[in-house]
Every structure is written in structure tokens, then in C-alpha cells.
Amino acid sequence: MSKIMTVDILSSIKGAQPSEAVNKLFDVIKNAQPTNNNSLNNVNYNCVSVNNLREDVVIESSAIEKQLIIENFPKKKNGYLVVAKVIED
Amino acid sequence: MDSQIKHIHQQLVDQQITCTALVQEKLNLLQENTHNTVNSLLDKTALALAVKVDTKIKNGEKIGLLEGIPFGVKDVYMLQGTNTTASSNLLKNYKSPFTATAIQKLLDAGAIPIVKENCDSFGHGSSSENTIFGAVKNALNPALVAGGSSGGSAVNVAKNFTIFSIGGDTGGSIRQPAGYNKIYGLKPTYGRISRYGLMAYASSTDCVGPLAKSIEDIRIILNVMSGKDAKDQTSITSKEIDEKAISNNTVKTIGYFKNFIESDAIDADVKADFLTSIEKIKATGIKVKALDFFKSDILVSTYYTLAMAETASNLSRLDGTNYGNRIEAENLIETYAVTRSENFSEETKRRIVGGNQVLSQGFSDEIYLKGLALRDQISTNFDKDFKEVDIILSPVTPSAPPKIGESLKDPHAMYLSDAYTVGFSLAQLPTLTIPQGTVTGLQITAAKNNEEIILKFANFLKETI
């Protein structure tokens, strides 16, 4: 497989091309001069502390939740989700 | 306007109206409305809940303040058993298996959801035209857009179809439609309200917030929905805001961004009206400082770069495998591609592709990482500003709402119209739109977790400008 992946493949959207409207936005960023190159996101630090993580426990879904998940299956057989048979790549 | 919630609560308690009649009246208004605000009506469940409230009142039981109050929900929130489409083709038959934390808190308080509301698909838009349910029409002039992405929610509140509605704000999606339809709309501090059960657009700026016709109603709903939630680890603990605490103004100094007002892009009327408001505030003895800020194009480009990167990642799960409108093709990869190509709107595709562009090798350093660095600088700038001022006041938009159809023709112009809202999103600051001061209102912003001072100042402005 080629190492270069085009945006249509990356996006799983057939025939997708970069758009002029969006490229104009990116040009502004390319030409901007940040006072530093700090991309560490130090200001809006939303990560939770390891001491404050929620309990790692299995929570059983309710019967109605399970039923709705099954109702949402795009294709089903005998109550099971049907997926594509073969993953080729 | 005074609190509609308190007014209706009293009417219910005094048995001047029944909850069933109230809910039925709102359902009828929604059903008949021609503004395209409705994706689905929750009539059966709403009326069943209303009957329960009426029985309670008849039996002489006490009801809570929100009990029996009908409200709307933007169609990006999970509400168990309801269609949750994100106004998209891909999810047009999707049913929520569970309920969002924010909505569950309102249900627990007894409020009654009556409608899932039209919006831009996945929150991708500033006009509520990017939807399979038809463009939402402005409450004041149906030839104009409602704003977006929470356009259906804003129009429902403005037209009294709902008492309040719950919108979502990533870059202005509550504040801008609130301004376009002349109501109040609050984007709280990032994390104050749990995002669990809100379909993710850009996770680092997505916020849940209320739209209503009074400051008091905004306060009531905010208090109910706020709080840390184990299901959203970015959620934060916050203090309840007391009604008395927001009645007397304590703001001594406010600021506004010079470049917003001196920009060539601002309409002359918006500029003149904003400056008149500033003069009225000065006349009360409050100090006003003109502040330096980033150029609008930097703000908009930084926001969209990061939001597109995040939405490309968040929406990658939508491939028709476990749910959604799958379109079968010859193999798995093709099935993904055809499903996504046929079901996503042009605007959603544009944003996904843009996101994958900036995240791909060779571009991420030049654009995405630079965008993150700019965001840090923008946030730092606010930290500095809030050492000097209590509040930052700004217009909501540079111009009046456009006509329906105009935004779709020129996406770049639509992105630029978000210039005054996205900076506050990037810095995760609380901001309230009030229906005063300019044709599309004013935004009141404070430092993080300072919603109380915002509501206090909004009450003050109600009497001042």
C-alpha cells in the first residue's frame, strides 16, 4: 500500500477533495506568528488526575438499553448484528 | 421578562391551568408551526408525564419548581427511546439507547421534554440550514435564518413553543441563534455541565447550555444541570447560584475588544449600537477599558482548524456498522465510504476532510500544532484581561442575520461570521447572550466559573441599556 493516503481515503468519503473555503482558513494559520510554539495545551488543561479516576467497574446495561441498541442495528439476523464477511486489507 | 418557569409553576400550583392542557397547547403550537423547528414531537411520553403531574397536584402533593414545565431538546442529545438524528441522513432512524446526563437531571427535576429540535447537522453550521428537516426560519422574520447550530431551540423559545430549550454550543451555537432571535442563551464554563450523551462535535469546546426568555430561568436551569459527572471526566464541580446573589451589581470595570469594533467587517449599525451601550454603562460610573485582542481571522481559523480536526476524529465512528443508515457495497471499505459519502451533508464532509487534512503527516506541524499554540496564547490573553476587568462585553455577531440561502452559497463567509463567539469557546469561558444592545444582542463574558457575575451584570444591563 502506498504510504501517501489522500483525504478521500482518510475520510472514507468518495472523491473528497480539500475545499477552497477551508484552505483559506488554514492559510491564515500557516502565516500566523505565534509568540511560542507551545502546543502542550497548558492553559485549558482538562485531563483528570489519576487519583480522581472513576471506578473501573462493569455496569450492566438495562434491558431497554440493550433492546434499543439491537433496534439500531443496520442489518440483523436472529437478533445478531450482521457485519461485512471479509476484511480484505 | 420575569421568570416564565416561576409563573407557570404558580399557575399549576394554584390550579389555574392543568399540566396536560399546558403540554397539549405547546405540542399543538409546535405541530402547526411553519418555522421548521421540529424534528420529532414527544407527544405520547410528554402527555403521560403531564397526567402524572396533574394527579400529584390534585392529590395535594407538593410539586418542584420545574415539575411539569415543558422544554425542548436540540436533536443532538440522547433521550432514551427517542429518535436522535443530529438532523442528518445517517442517523435519521437512530434511537437513543440512553439519556444524556444534563437531560436526565431535568427529567429528575420533573421537567417534561416535548420536542427534539432542528439544528445544523452534527452542529456543523451557523444558520440551521444544514439539515435534512428544512432550514429553520427566524422567529422575527421568516425570510432570515434562525442562526445555528441550535436554531430550532432558539426559535421555539422565542415563539413561546417551549418554556426553555437545551442547546449545544461549540463555537457560538447557543449564543448566536439566541442573538438572532432576541432571547437569552448561555454557554457555561467548559465542563460545568456534563457532556455525557451529547453527540460530540469538537470535544474540547462542546458545551451544554440553556436558552430562555429570562435571566432567572437561565439561572434555574443552569443550577439543575451543573455538576461533576463520573461519565464525563472533564466535568467540574461548581457552586449553585443563589437568586439574591445576582440581584445587585458589583461589577466595577468592564472591557471590550477594540479590534472587534474597529473591524471593517462590522455593520455600521452594530458598531453604533454597541458604542451607545458602552456610553450608557460608562454613565453609571462603571469603568470601561478598550482591550487588545487577536485579529478575527486568527480566531476563526484557530477555532475551525481545531474543531475540524476534532470532528473528523469524532465522526469517524459513523460508518454504518453498528448503527446508522448503512449502504451496502462490494466490500467493507467500500461500504464505509459509500455510507459516509451518501449520508453526510456537503458541510459535514467539508469539515471532516478539513480535519483529516490538518491531522495528516506533513500538515499537522504546520497547521494543527500551530493552532494549538495559538489557542494557548488566546487563553493566556484572557487570563491577563481578567486581572484588569470583571467582564468583557462584545457584540454577538458583526451583522444582522442573513437571508435563508445566503450562508450555503459562501461557507467561508459563514465561518467568518463566527468571529465574535469562537474566541470565548477556545478559552472555555462562560458567555451569555442577552437580547439587548445591538440587533443581534450582546455577549457578556467572565473568567472561568464566574457565571454568577455574568448573570448579575445581565440583570444590571436589563435596567441600564
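In strand β10 of chain B, B:T431 is the bridge partner of B:K187. Helices (H or I, at least four residues) and strands (E, at least two) are DSSP runs, numbered from the N terminus. This is a predicted model: local features need pLDDT of at least 70, side-chain atom pairs count only at pLDDT 80 or more, and totals for chains, interfaces and linings use all residues. Residues are numbered from 1 along each chain as its sequence is written, while chains are lettered from A and ligands numbered from 1 in the order in which they are written.

Stay with the strands. Three bridges join β5(B) to β10(B) (residues 431–434), and the two run antiparallel. Two bridges join β5(B) to β6(B) (residues 207–212), also antiparallel. Strands pair if DSSP finds at least two bridges between them. B:G185 has B:L211 in β6(B) as its bridge partner. Is β5(B), residues 184–187, covered or open on its faces? Both faces are covered. B:Y184 and B:L186 are buried on one side, B:G185 and B:K187 on the other. A residue is buried if 20 or more other C-beta atoms lie within 10 Å of its own, exposed if 12 or fewer, and partly exposed in between; C-beta atoms are placed from the backbone.

Now turn to helix α13(B). Its 25 residues should span 36 Å at 1.5 Å a residue, and its end C-alpha atoms are 35 Å apart, which agrees. The expected span is 1.5 Å times one less than the number of residues. α13(B) bends by about 25 degrees at B:K370. That bend is the angle between axes fitted to the seven residues ending there and the seven starting there. Buried residues of α13(B) include B:K370, B:G371 and B:L372. Their cover includes α2 (20–31) of chain A, along with α10, α12 and α16 (422–426) of chain B.

Next comes the contact between the chains. Chain B gives 61 residues and chain A gives 47. Residues are in contact if their C-beta atoms, placed from the backbone, lie within 7 Å. On the chain B side, α13(B) supplies the largest share, 12 residues.

Finally, look at the backbone. Most residues other than glycine have a negative phi, and most peptide bonds are trans. B:N36 has a positive phi of about 60 degrees, although it is not a glycine. B:N36 is buried, with 20 other C-beta atoms within 10 Å. A cis peptide bond joins B:G148 and B:S149, with omega about 15 degrees.

Technical notes: Contact = placed C-beta atoms within 7 Å.
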